[in-house]
Amino acid sequence: MPHPGVIEAYRQYLDLPSHTRVVTLLEGNTPLIPLPAVAEVLGGGFELFVKFEGLNPTGSFKDRGMTAAISEAAGRDVKTVMCASTGNTAASAAAYAARAGMRCIVLIPEGKVAAGKLAGAIAYGAEVLQIQGSFDDALSLVVDLTSRYPVALVNSLNPYRLEGQKTAAFEICDVLGSAPDWLCLPVGNAGNISAYWMGFKQYDQAKGTALPQILGVQAAGAAPLVLGHPVEHPETVATAIRIGRPARGEQALQAAEESSGRIIASTDDEILAMQKLLAGSGIWVEPASAAGLAGLRKQINEGMIHPRGMRIVAVCTGHGLKDPEIVTRGFSYQALPADAAAIEAVVLKGK
Ligand code: F0G
């Protein structure tokens with residue numbers, strides 16, 4: 001049977017109201033790709049996989065949660081949805097709202113949203129408003145406005161978002177036959193780590209698939225869950241997770257603790273180095289998506305995780321195409337003469 005989208009694929013495990021009317025782009029069923037070369041660089045002796053969520057319809061994992069949130073809203077004839085976003089939620093909400101025939105309004109932090117995400121939200125027809133503030137300011141505004149207007153909030157404070165997102169944990173168990181030893185992933189507003197933990201626990205209860213330890217990774221300049229307090233002015237090259245007051249912070253800390261895992265921070269340099277290492281295996285992800293693996297590398301180097309004999313899954317949450325400027329920044333746009341000699345001199349002779 002062709003993959004029917006995450007709601008139909010896992011309906012019996014999802015707590016969605018009976019009025020839900022499925023709006024799907026056949027999201028989910030993303031590949032779990034082995035990463036032997038990266039595992040070698042990290043010391044070897046273990047199995048490493050990437051759950052490449054950048055291959056969802058709008059290029060990020062958000063589509064799993066958005067099909068659920070929009071389907072629930074569609075079932076009660078909601079006309080308008082709204083979200084705050086560092087970019088991926090915006091593009092995903094815009095696409096699913098378009099498919100459902102709804103209006104979509106997104107608030108984004110001024111000047112900090114990567115080009116591919118902004119373009120996506122605009123292309124799918126959302127009304128995109130920049131605000132002179134951070135993601136956290138935008139989310140507070142959305143919470144206020146959606147409480148006063150007949151507009152559905154589709155950030156991950158919406159419980160149906162997590163219902164959809166937990167399907168990624170089910171897929172990993174279905175492919176591997178059980179949960180991995182460790183799951184590492186980036187943490188921003190902390191919805192995804194919470195959803196994975198819900199999913200792994202639920203599947204373990206239903207099918208005895210066991211539980212992973214969870215390594216959540218924030219960017220060092222935006223690491224409220226590591227510091228233990230909100231960050232007023234978060235800064236990181238990983239703009240997707242440039243968040244100082246995670247809405248589901250408590251739940252994320254609990255997931256880490258219950259799983260005997262932890263939440264740590266990686267620096268921008270570590271994140272970009274991992275982005276490059278992954279690209280060397282043919283997997284191009286946006287910077288935030290490399291954070292989970294950057295954190296794993298650090299934990300292994302510091303002797304905090306001994307991976308020998310283990311099976312580890314890293315979630316890469318968004319596609320590299322979302323943020324092209326990060327990689328083209330150093331590229332020379334100066335054109336060569338259109339003749340063979342000029343090209344030979346640069347890339348062939350003496351190489
Ligand atoms: N990775 C990417 C690519 C993201 O876009 C996000 C969040 C995360 C990781 C973190 O997930 O928030 O559930 O902890 N992006 C949100 C957005 C905030 O607006 O697109 P989280």
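**Close-up views of a predicted model**

**View 1. A nonpolar patch sits on the surface.** Leu336, Ile343, Val346, Val347 and Leu348 come together here as a nonpolar surface patch, with about 440 Å² of accessible area between them. Patch members have over 30% relative accessible area and no salt bridge, with nonpolar side chains (Val, Leu, Ile, Met, Phe, Trp, Tyr) joined within 5 Å and like charges within 9 Å. Areas come from the Shrake-Rupley method with a 1.4 Å probe, and for residues only the protein chains shown count as cover. Take Val347, which belongs to helix α15 (residues 340-347). Its relative accessible area of 47% makes Val347 partly exposed (buried is under 20%, exposed is over 50%, and partly exposed is in between, with a 1.4 Å probe and protein chains only). Helices (H or I, at least four residues) and strands (E, at least two) are DSSP runs, numbered from the N terminus.

A word on the model: it is predicted, so local features need pLDDT of at least 70 and side-chain atom pairs count only at pLDDT 80 or more, while totals for chains, interfaces and linings use all residues. Residues are numbered from 1 along each chain as its sequence is written, and side-chain values use heavy atoms, leaving out hydrogens and water.

**View 2. Here is the largest cavity, with about 310 Å³ of space.** Of its 29 lining residues, Phe61, Lys62, Gly188, Asn189 and Ala240 are the closest to the centre. Helices α4 (88-100), α7 (159-165), α9 (191-207) and α13 (287-301) each give two or more residues to the lining, and α9 has the largest share, with three. By class, the lining has 11 nonpolar, 15 polar and three charged residues. Ala, Val, Leu, Ile, Met, Phe, Trp, Tyr, Cys and Pro count as nonpolar, Asp, Glu, Lys and Arg as charged, and the others, Gly among them, as polar. On a 1 Å grid over the protein atoms alone, a cavity is a set of points where a 1.4 Å probe fits but cannot get out; a pocket is an open set with protein on both sides within 12 Å along at least five of seven lines, and lining residues have an atom within 4 Å of a point. Points are joined across faces, edges and corners, and a volume is the space filled by probe spheres set on them.

**View 3. The largest pocket has a volume of about 160 Å³.** Its lining includes Gly111, Lys112, Glu235, Asp323 and Arg329. Five charged residues take part, alongside three nonpolar and three polar ones.

**View 4. Glu171 and Lys51 meet in a salt bridge.** Their side chains come to 2.6 Å, N to O (a salt bridge is a side-chain nitrogen of Lys or Arg within 4 Å of a carboxyl oxygen of Asp or Glu). Glu171 is in helix α8 (residues 167-176) and Lys51 in strand β2 (residues 47-52), so the pair ties together parts 120 residues apart in sequence. Glu171 is buried at 6% relative accessibility, and Lys51 is buried at 2%.

**View 5. Arg245 and Asp137 form another salt bridge.** Their side chains meet at 3.7 Å, N to O. Arg245 lies in the loop between α10 (224-227) and α11 (249-258), and Asp137 in helix α6 (residues 135-148), 108 residues away. Arg245 is partly exposed at 38%, and Asp137 is partly exposed at 32%.
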